[in-house]
Amino acid sequence: MRDSTLETQIRLLTLQVESWKKLHDFITYALDKSKPIVSADQERQFTEIRGLLLQESEHVFTQVNLVAELSGKAMNVLQRSTSIRGVRDLSAEETRRLEADWNAVFTKIGVVQGQLKARRRELLGRNIITFSLARLFGRKAA
Amino acid sequence: METRLLILNSDPVFEDRALAMFDAMRKVETRIVRTLSEAVYILMRENFDLFVVEGEPAVAIGQATNTRQHFPSLEVMCLTRGISDPKLQEEATQQNIELVATDCSDFKLRSRLRRIVSAFERQSGTPAEGIDPCHSLVGNLNQFSAAEILQMSCMSQRSGRFTFKSSRGNSEIYLHHGMVRHAVYSSLEGEGAVAEIFRWRQGRFYFEEGIISQVQTVNRPWTHLLIDNLQKLDETIQMTSVQGKR
């Protein structure tokens, strides 16, 4: 059995995880002082990823009931990382905070993604009739 | 065996009508990308049964055509709103791109997509190796690329049949006195099939001396084919350069 809401949640979280990973690649690049000068093309790609996250995060977090927990942290990351050059110029304390917030967001969405996938696996082993009956009787018992 | 779809959609979070329909299908695995360079990067490394491009008609058909140039055997489908421009329709037909209009009811769209995807369900499995000790040359494409082994065989004026076996299917290239005479892969024949085999990086190959094809589908000298295909491969790799920079 497939649950369309669950499938949508997994798809949205997979896309979010990808975008946060890409953002992290750029942040890592920015913080590595040995890397050569930042190109305009890299800045453009960074802005693109940032734009996608600004647009989509709130919506995705709402869909998976994480908006209260993650919205603030996600916004902190996105607001602090204005550009690759901007990240490179952050103070040590600001960098630490940026990394801590990124990690909090990434860890939480990773965990929830795993839980949803486990739920999907569980549902695949069931059929719609047994599932509906179990839900019906479960509710009555409660 | 699941049907694998690679979906190019620049806004998969908010424009997800078709994505939700693919999600609901059984035995379908989807991978979503937002840019063409990402799609090409993945297509060079993984096999997909169908490449779906979703978006505005002109953009989507342009992207699908571009992909077709680099992956001649790939099944490509465009999901767009109604196409009024006959030029675009003609372009899609020429490039063997299936057009699916999304401005219809959910029921209609879902059944159309299901029909298309279910056509791939029967195709499955890795072909049997079928390698015989009498084959004069046997090897692995991880170690020698198709370009290398063909170059070697053409230089030594060989006549016979090369068989390539990979998860993408089987293909054959016939040589005649060091010239490529005929090539076939799935429904592709001639130079298109040679171009496809050039991209393979995984699989096995063997050569059977003396098997000559009666059919001739390749008319250009080997050196021209080699240069053209290597150039094309370079262009494909260039398309993914955005990925590489990350």
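**Close-up views of a predicted two-chain model**

**View 1. The left-handed crossing of H3(A) and H5(A).** In this predicted model, helix H3 (residues 67-80) of chain A and helix H5 (residues 92-124) of chain A pack at an angle of about 140°, and their axes are 9 Å apart. An angle of that value makes H3(A) oblique to H5(A). On the H3(A) side the residues in contact are A:Glu69, A:Leu70, A:Lys73, A:Ala74, A:Asn76, A:Val77 and A:Arg80, and these meet A:Glu94, A:Leu98, A:Asp101, A:Trp102, A:Ala104, A:Val105 and A:Lys108 in H5(A). Sorted by class, the contact of H3(A) with H5(A) has seven nonpolar residues, one polar residue and six charged residues.

**View 2. An open sheet of six strands in chain B.** The strands follow the order S6-S11-S7-S8-S9-S10 (chain B), and their pairing is antiparallel. Strand S6 (137-140) and strand S10 (188-189) of chain B stand at the edges, where each has a single partner strand, so one side of each is left without a neighbour in the sheet. Within the sheet, strand S7 (residues 160-166) of chain B runs antiparallel to strand S11 (residues 204-209) of chain B and is joined to S11(B) by six bridges. B:Phe164 stands opposite B:Phe205, a residue of S11(B).

**View 3. Helices H6 and H7 of chain B against the strands.** Helix H6 (residues 146-155) of chain B packs on the sheet and touches S6, S7, strand S8 (169-176) and S11 of chain B, while its direction makes about 25° with that of S8(B). Helix H7 (residues 191-198) of chain B lies across S7, S8, strand S9 (179-185) and S10 of chain B, and runs at about 80° to S9(B).

**View 4. The contact between chain A and chain B.** Nine residues from chain B and 13 residues from chain A take part in this contact. On the side of chain B that touches chain A, the largest share, four residues, comes from helix H1 (residues 17-24) of chain B. By class, this side of chain B has six nonpolar and three charged residues, with no polar residues.

**View 5. Confidence along chain B.** The mean pLDDT of chain B is 85, and 92% of its residues reach 70 or more. Among the elements of chain B, strand S3 (residues 50-54) has the highest mean pLDDT (95), whereas helix H9 (residues 241-245) has the lowest (53). Over residues 125-129 of chain B the pLDDT is below 50, and this stretch has seven contacts in the model beyond near neighbours in sequence. The model scores ipTM 0.81 and pTM 0.74.

Conventions
Residues numbered from 1 in each chain as written. Chains lettered and ligands numbered in written order. Predicted model: local features only at pLDDT ≥ 70, side-chain atom pairs only at ≥ 80, totals over all residues. Axes fitted to C-alpha atoms, helices over the stretch in contact; angles between N-to-C directions. Helix = DSSP H or I, 4+ residues; strand = E, 2+ residues; numbered from the N terminus. Parallel < 35°, antiparallel > 145°, perpendicular 65-115°, else oblique. Left-handed = near helix turned anticlockwise from the far one by under 90°. Contact = placed C-beta atoms within 7 Å. Nonpolar A, V, L, I, M, F, W, Y, C, P; charged D, E, K, R; others polar. pLDDT = per-residue confidence, 0-100. Pairing = 2+ DSSP bridges.
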